[in-house]
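Here is a short report on one protein model. Take a look at the structure first, then read on.

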Amino acid sequence: KGYALNEMSMAAYRANCTEGIISLGGNVLLLGSGQDGSGYKVGIRCPDENSNSSVVTVVLENTVLSTSGSYERFFFEEGVRYCHIIDPRTGDCSEKDLKSVTVICEDPIVADCMSTAYYVMGIDRTLDALASGEISGMAIDTSGVIYVSEDLTDRIVPGSVAEGYELEVVG
């Protein structure tokens, strides 16, 4: 999806498109700062199975965000749940301590790769990256905590955190 979004971004640039949203599911490109210039309100999908609501809303502009998680693509076989994200170190499904990871940056390919990589690496490595500024974004753990990088604190829409979740800024 990151590569496809990158190609769409270049096509939009060639067409002199300066405002708009291109969404490929968990990968979203935001062109410009919205019609009123205040940014786009983007809901991060709740990582609970069968939920179509947002867990938190952020205001962003001229950027890309990519979210990786196991809540959309999975199957059960003989009572065992298998997701589509594979840990290359073990060959097993990568479902440990995170429900989702969202990375925000300017490059669609980097955002896509990084959200998946940090999801696979797990909560400790992801929290280190969020706290150090290595990545901008958020991670949602299995207990319902939304860890947000410090650079996004002023981008969170007040009152937008879903019931049953708590927000924690790292950094």
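## Terms and ground rules

Two strands pair if DSSP finds at least two bridges between them. Helices (H or I, at least four residues) and strands (E, at least two) are DSSP runs, numbered from the N terminus.

This is a predicted model: local features need pLDDT of at least 70, side-chain atom pairs count only at pLDDT 80 or more, and totals for chains, interfaces and linings use all residues. Residues are numbered from 1 along each chain as its sequence is written, and side-chain values use heavy atoms, with hydrogens and water left out.

## The sheet

Start with the strands. Seven strands, in the order β1-β2-β5-β8-β9-β10-β11, form an open sheet with mixed pairing. β1 and β11 (166–170) stand at the edges with a single partner strand each, so one side of each has no neighbour in the sheet. From one strand to the next, the twist averages 15°. Angles run from 0 to 180 degrees between N-to-C directions, and axes are lines fitted to C-alpha atoms, for helices over the stretch in contact.

Now for some pairs. β8 (residues 98–105) and β9 (residues 136–141) pair in the antiparallel sense over 6 bridges. L98 has D141 in β9 as its bridge partner. Strands of a sheet pair through backbone hydrogen bonds, either parallel or antiparallel.

## Strand β5

β2 and β5 run antiparallel and are joined by 4 bridges. Here L30 has T63 in β5 as its bridge partner. β5 and β8 also pair in the antiparallel sense, over 6 bridges. S66 has V103 in β8 as its bridge partner.

How many residues of β5 are buried (under 20% relative accessible area; exposed is over 50%, partly exposed in between; 1.4 Å probe, protein chains only)? The count is 7 of its 7 residues. T63, L65, T67 and G69 point one way, while V64, S66 and S68 point the other way. In a regular strand the side chains alternate between the two faces of the sheet.

## Helix α1

α1 covers residues 2–14. N16 follows α1 and has a positive phi, near 60°.

Which residues of α1 are buried? They are G2, L5, N6 and A12. Seen down the axis of α1, these buried residues fall within an arc of 120° (taken from the directions from the helix axis to the C-beta atoms), so they line one face of the helix. The face turned away from the buried side carries the exposed residues Y3 and R14.

What covers the buried residues of α1? The cover includes β1 (20–24), β2 (27–31), β5 (63–69) and α2 (108–121). N6 is buried, with a relative accessible area of 17%. N6 touches P108 and I109 (heavy atoms within 4.5 Å), not counting residues up to four places away in sequence.

## The salt bridge

The structure holds 1 salt bridge (a side-chain nitrogen of Lys or Arg within 4 Å of a carboxyl oxygen of Asp or Glu). It joins the side chains of E134 and R125, at 2.9 Å from N to O. E134 is partly exposed, at 41% relative accessibility. R125 is also partly exposed, with a relative accessible area of 31%.

Conventions: The expected span of a helix is 1.5 Å times one less than its number of residues.
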